[in-house]
Amino acid sequence: MATCEDEYTQRATAGDPEAFRCLWEEHHAVAMAAALRLCHARALAEEITQGAFLLAWRGLPRFQPGSPFRPWLMRILYLHALDVMEKQKVHKQPLSLEEMVVWEQQTVLSDEAAMPDMQEKIVRREEIRQALVKLNADQRRVIALRYGADLTESEIAHVLGWPVGTVKSRLNRARERLRTLLMEERV
Amino acid sequence: MNEWNTSETERDERGNLEDRLSAYYGPTLPEQPLPPTSWVQLRSHLRRQHSLRQRFFHMPKRRRRVRFKHLPRVSYGGAIPVYIQDAFESIAHEAQLPYTADMLHCTFKKQIGIPSVRVSYWGKRKIRLILPAPLSRPLEPAELNVLLASGLASHVLRFERKPPYGLVRMLVIWACLVALLMLIPIGWQYFDAKIFPIAMMLFAILLCMVVLSHLKGRKFAFRVDALMVQWLGRSQVCQGLQALVRHSRHPQRKGFGQVSFAERIERVCGTRVAAQSERLTLVH
């Protein structure tokens, strides 16, 4: 049975921007939330989201009719986000206090009793960020998708187009390296 | 006892790392709706792309065949932001040039204030767009168009309409410099009177070439602006230059063989840039 979304994707594939608008309205807020969680910067997240929709528009002729639109869009978004973040070297930029406050307001779990004070949070985040800088790009990708998008190993393999074994080994190596780096920093 | 303590610590570290990484990315965020203007922006890109395709299919067959190789390709791994690729292809289409985003190379640099564009003589002769990293503000459409169009115009003027005289000038300058440097030890050793006029002549050639390069560079920059006005229209070029000036710390400053923003605006738009008090500290 054809759903409304199927109809919209078919019309959008034929070049109807209004049908694509319906798809955008349905999915952009979720895509933006996912991008913001990955990159922690609103302007960049907006750029990533819009870029992902533009790529989706271009790639619609290759979209398999009948399959759900959101997983396909999210795959494009994750790939695009990882590319943009690597290119713009986002991980090399320390997070400012101002951004941190905005970020805390965004998150649901911002109650003060559960978390230490802001300065300590910044220090802990900075330690992780500095450790992430020392990983290679592929390791950063798997870490971002595992912890920043909550994907399973097989989902990461599907998004990145790697075998599941490769994802597992890269994830393990990345964790090992991070552990070593964080322990070294503590010593 | 110590071993037991070590394994316990390692187990703690493992759990700790997972927690810290989860805390670093934070919990799943609630939906983040974008303002309605975002759709308008996106829509303008969709329309442009669609009309590009339509125009392609309405082209005479001969031109269509030539352009077929250069049709926009979907690239998920492309590091150039998609809206920049689209803007570039749109300008190339308006200028009736068979260029695609493949020609464009995007570099992010930390210590630059404003975005710029370069075309080098060497390598693959790509147009290199240099953007500040991280991109703290979105580029205005007119600003982006001016940057891309100036890169495209420089490429066209430098490689397609004229033989690369600039390259010849550069080679002459380097040859003179090398010859002068080689003359110094020779003159030092032999004290030959003939060497002095040769050195003077080389120095004069070098000086002439440097001055000529500077003047030609400025003339070239004005020609680039003229071509840009032809493609984008004067008002859009003015808007773009004004946007660049707003974010420039030194609008009056010009490099070797370059034109300052103030001069460009004066020439293209016929208006002057207000003198900025760059280092003004108010003390109460």
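A nonpolar core is taken here as a set of buried Ala, Val, Leu, Ile, Met, Phe, Trp, Tyr and Cys residues joined through C-beta atoms within 7 Å, where a residue is buried if 20 or more other C-beta atoms, placed from the backbone, lie within 10 Å of its own. The structure is a predicted model, in which local features need pLDDT of at least 70 and side-chain atom pairs count only at pLDDT 80 or more, while totals for chains, interfaces and linings use all residues. Residues are numbered from 1 along each chain as its sequence is written, and chains are lettered from A and ligands numbered from 1 in the order in which they are written.

The largest nonpolar core holds 91 residues, of which A:A35, A:C39, A:I48, A:A52, A:L77 and A:A81 touch the most other members. Helix α2 of chain A, spanning residues 17-39, gives the most to this core, with 11 residues. Apart from residues up to four places away in sequence, A:A81 touches A:A35, A:L38, A:C39 and A:I48, a contact being a pair of residues whose C-beta atoms, placed from the backbone, lie within 7 Å.

Chain A has nine helices and zero strands, with helices (H or I, at least four residues) and strands (E, at least two) taken as DSSP runs numbered from the N terminus. Of its 187 residues, 39% are buried.

Buried residues account for 23% of the 284 residues of chain B, and 62% of the contacts in chain B between residues at least 6 apart in sequence join residues at least 24 apart.

Key
A residue is buried if 20 or more other C-beta atoms lie within 10 Å of its own, exposed if 12 or fewer, and partly exposed in between; C-beta atoms are placed from the backbone. Two residues are in contact if their C-beta atoms, placed from the backbone, lie within 7 Å.
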